[in-house]
Amino acid sequence: EFFMANYDIVIIGAGPGGYVAAIYAAKNGLKTAIVEKGDRLGGTCLNIGCIPTKAYIETAKYLRKIKFMKELGIEVKDFSFDFQKASKRKDRIVTKLTKGVELLMKNNNIEVIKGTASFKDNTTIEVNGEEIEFENCIIATGSKPAELPHITFDGDFVISSTEALSFDKLPESIAIIGGGVIGVEFASILSAFGVKVTVLELMPQLIPGMDSETAEILKSELKKQKVRVLTDAKVLSAKNGVVEYELNGERESIEVEKVLLAVGRKPNTSGLNLHNTDIVLEKGHIRVNENLETDVKAIYAIGDVIDTPRLAHLASREGIKAVNHILKIEDNKNIYLSCPGVVYSYPEAAFVGMSLDDAKEKGIDAEEAKFPFTANGKAYIEGVKNGFVKVVYQKNNEKLLGVHIVGANASELISECAVAISKGMNVEELSRVIHPHPTVSESLMEAFHIAAGYSIHI
Ligand code: FAD
């Protein structure tokens, strides 16, 4: 039995970009197939990214809470941490969720084709020796961990996030090269698990590009968790149990059991035989226009394989946008303006839109207003001792441009800010929205109060 060789839409890659696009296309009546080369659906996000890391983050959270319990009047006399058990729970969560995606494919009559897709020409792909023709195609092949010219993965000493998620046994010490989102999240997890962690970041701040004050708090909080954080540190080599680096012009080195190389990711394009098509690559990414169309009509690309922020929720949204374009359904022109980003470290950091520096760079006359969590009752009850909400807005019309949160519940608080930015709301109208008391979310309202010219609790 061969595949039905003709589809309205063929999607390559079943990560959060591809599988969401498939469901949306199928629900809109398109005959849909999805090709996935991995054993399991869900892509990087479900299998080796967002989900397993957050499962570990949950374990780390409780390990930290044990220390806080004393303050609450709870004496925990004795406790132990079974890493294998935590790891198995993570695996169970991943399995359950990938099975869920399989079920969604089935329930939506989406043909799942297991195999590697490659292009024969602008209208045909080949999978397992079979040709499949399509009316429309979406490339959602994602990304893989990047290496440095002088430091490459060896599967044992120098590893990627993928191997760091499948330790049989925790290492005693680890050097994390790269203080981006992935590096910082692993630093937070592994330090809570009792691993001696050193983070080496080339740039002057963690998470380069992020609001610098937020990044400073992340750094100081990581240090409180006994993570050694070295910024402006240029790693020279990593081999034979030793990492050599340059810091303030001095050559230094540390001995570690493992090295997690987390210096970014690069698009998965190699197996696709794009040379058989007219698709154009730009710096390794598939080039697309504002409609997410590649240089070939009816072939779209979304998610980590294109040059937009590498986020699961954005990949999904791009998938829906591409399908909307195929179906000629009106969609937002700019979905990037209000796309939030989250760092699930301890504490969490979340942001949407511009920082003050971004606004200045764009020549926008902007201001910021900040409300600290220490002045919020609920945050105080929850034991939050640091962090803030910062809102950036345009001076002349008070339009909200960006929000930066570090501390309690940042990941949950950011969504209302994304709504506000996508609706072009201003700080005056936002300041009038009633927030329930007591909640951490009141901090947002209070920051809007300040921005609107009347601070209440500070
Ligand atoms: P992917 O999820 O990478 O999926 C691509 C799929 O295509 C894969 O299943 C692959 O096997 C398949 N494929 C590739 N080539 C072919 C081919 N030729 N034929 C058939 N199939 C093919 N993002 C967040 O938003 N929040 C987080 O908390 C978060 N945490 C992360 C933690 C880690 C450790 C990592 C590595 C990433 C994290 N990310 C997070 C990023 C997120 O995982 C990606 O942005 C997201 O998975 C991109 O989705 P995608 O659909 O573009 O690609």
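**View 1. Contacts of G142 in the predicted model.** Setting aside neighbours within four places in sequence, G142 touches G13, G15, G43, T44, N268, G303, D304 and V305. G142 sits in the loop that links β6 (130-139) to β7 (143-145). With 26 other C-beta atoms within 10 Å, against a cut-off of 20 or more, G142 is buried.

View 2. K54 belongs to helix α3 (residues 50-69). K54 has 16 other C-beta atoms within 10 Å, so this residue is partly exposed.

**View 3. The shell around the ligand.** The ligand is surrounded by 36 residues. Closest are G13, G15, G43, G142 and G303. At least two shell residues come from each of α1 (16-27), β2 (32-36), α2 (43-48), α3 and α8 (312-326). By residue class, the shell holds 18 polar, 14 nonpolar and four charged members.

**View 4. Helix α11 and its packing.** Helix α11 covers residues 410-422. Its 13 residues should span 18 Å at 1.5 Å a residue, and the end C-alpha atoms are 18 Å apart, so the two values agree. A410, L413, I414, C417, A420 and I421 are the buried residues of α11. They pack against the strands β20 (341-343), β21 (349-353) and β24 (400-406), and against the helices α12 (427-431) and α13 (442-451). Just after α11, G424 adopts a positive phi of about 65°.

Notes:
Residues are numbered from 1 along each chain as its sequence is written. This is a predicted model: local features need pLDDT of at least 70, side-chain atom pairs count only at pLDDT 80 or more; totals for chains, interfaces and linings use all residues. Helices (H or I, at least four residues) and strands (E, at least two) are DSSP runs, numbered from the N terminus. A residue is buried if 20 or more other C-beta atoms lie within 10 Å of its own, exposed if 12 or fewer, and partly exposed in between; C-beta atoms are placed from the backbone. Two residues are in contact if their C-beta atoms, placed from the backbone, lie within 7 Å. A residue is near a molecule or strand if its C-beta atom, placed from the backbone, lies within 6 Å of it. Ala, Val, Leu, Ile, Met, Phe, Trp, Tyr, Cys and Pro count as nonpolar, Asp, Glu, Lys and Arg as charged, and the others, Gly among them, as polar. The expected span of a helix is 1.5 Å times one less than its number of residues.
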